[in-house]
Amino acid sequence: MTGVVVVGMQWGDEGKGKITDFLSQKTQIVARYQGGDNAGHTVEVDDKVYKMRLVPSGILNSEKIAMIGNGVVVNPQSLVKEMAALKEQGVSFENFKISNRAQVILPYHIKLDGLQEESKGQHKIGTTNRGIGPAYMDKVARVGIRMADLIEKDTFAAKLKANLESKNREFTQLYHSEPLEFADIFAEYYEYGQQLRPYVWDTSKILNEELTKGSKVLFEGAQGIMLDIDHGTYPFVTSSNPVGGFTAGLGVGPTAIKRVVGVAKAYTSRVGAGPFPTELTDDTGDFIRDAGHEYGVVTKRPRRIGWLDAVVLKHAQRVAGITDLALNSIDVLSGLDEVKICTGYQLPNGQIIDEYPASLNVLDQCRPVYVTLPGWQEPLRGLTDITKWPQAARNYLEKIKELTNLDFVSVSVGPNRDETIVLKDIWEN
Ligand code: GDP
Ligand code: IMO
Ligand code: MG
């Protein structure tokens, strides 16, 4: 089959946008399958920087189809704005499609996200406050509004009315907050629906027809495996499945997949609350944050920083069936005296485990066990010939390969498309 999945192996922001962009140069279709505008994907090509939230990063290769699958939760206001900004940068939407079965995020989801977080006090998840969790709650509760409903005036009005009645009861009686007005939301969102209408299709049909023809398809995951609702650090996760979500989220069978490319940074970052065993709260963490410009695209929050964690990578590899590794941002580590990789977790009784525990209590007691390697001072930016790298940087790469036993698709030494060192043609091998 001809499908390749791109999925983050850590807690998001691994540089999936960049890898999707360069891998999609050889594809006919790029398809997003989960998440929403909680995602923030940066793609740099020449002197232009593109920021995507809902639009698949592969849209830049404009002769291809870029689609948003039914598994994505779509905020129409945010999508309309994002499309306008990208159009201004010269991006074409001629071949853009949105699934008619995708769920719609409405203002009451965003309000509820905020209220739910507030009510958790110290135990906040630290969501992006984009209404993602509440929109997936409505989907599973079978009261969600889909793109097909949004573009039909009467259906949208009836469903919005019913949903607002129950949400307003929740806002006023449970949270003692203000209700939302039907008329304002209806007028604004119906209008967005009409703007998006030309792009709304049965995307599963288009995708399967293309797969049958032998078209190459890139399945673009958002977030990362450690944020997966089932396989991540629950409850400090998002509300969708970056792992394996492409089947249900796009309406294709698992046989569509040829390879799964895991994207990881040469260190680890995390936004929001939750366990992070290799977190660095010292000067080294600050150094990496500054060197890597680690501030969120969506919320501008400083990202938490830590050493690379091979326990996380192996967990990701297992649960997502990763076949190949795209390693980003190794250039960020230049200037450190030493670099560390976590190889296991030590429990209070001395036992060392190399599997990610499900229990947050156990995880809390784990101490990371590191292998320490010499660092390197020379900048790697622009050094796209690995043989010219300092030996210590090459050793670091070798160590990652040894610990994960994964083949590298690419190693990246800067945010730009041409700073990606391609080591394997994923479409041919
Ligand atoms: P995504 O959510 O996985 O697509 O990743 P983000 O775009 O949120 O965050 C990754 C950040 O790292 C972006 O600012 C990228 O431009 C940047 N980036 C990607 N690859 C590299 C790299 O190899 N080196 C450096 N220095 N930055 C990179
Ligand atoms: P990309 O695709 C990093 C995190 C939030 C929070 C948790 C739940 O750019 O890698 P949510 O709003 O989804 O309910 O928040 O998930 N989170 C991300 N962190 N990158 C992302 O996307 C994220 N999307 C959600 O910070 O901890
Ligand atoms: Mg991001």
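This is a predicted model: local features need pLDDT of at least 70, side-chain atom pairs count only at pLDDT 80 or more; totals for chains, interfaces and linings use all residues.
Guide: Welcome! Residues are numbered from 1 along each chain, and ligands from 1 in the order in which they are written.

Visitor: Which polar side-chain atom lies 2.6 Å from an oxygen atom of ligand 2?

Guide: One belongs to Thr238; an N or O atom in the side chain of Thr128 is also 2.6 Å from an oxygen atom of the ligand. The protein covers 97% of the 550 Å² of accessible area that ligand 2 has on its own (Shrake-Rupley method, 1.4 Å probe).

Visitor: How is a pair of aromatic rings described?

Guide: By the distance of the centres and the angle of the planes. Rings of Phe, Tyr and Trp (its six-membered ring) pair if their centres lie within 6.5 Å; planes under 30 degrees apart are stacked, over 60 edge-to-face, the rest tilted. Here the count comes to eleven aromatic pairs. Phe96 and Tyr199 are tilted, with 5.6 Å centre to centre and 55 degrees between the planes.

Visitor: Where in the chain are Phe96 and Tyr199?

Guide: Phe96 is in strand 7, and Tyr199 is in the loop between helix 7 and strand 9, 103 residues apart. Strands (E, at least two residues) and helices (H or I, at least four) are DSSP runs, numbered from the N terminus.

Conventions:
Side-chain values use heavy atoms; hydrogens and water are left out. A polar contact is a pair of N or O atoms within 3.5 Å; within protein, one must be able to donate a hydrogen and the other to accept it, and residues adjacent in sequence count only if both atoms are side-chain atoms.
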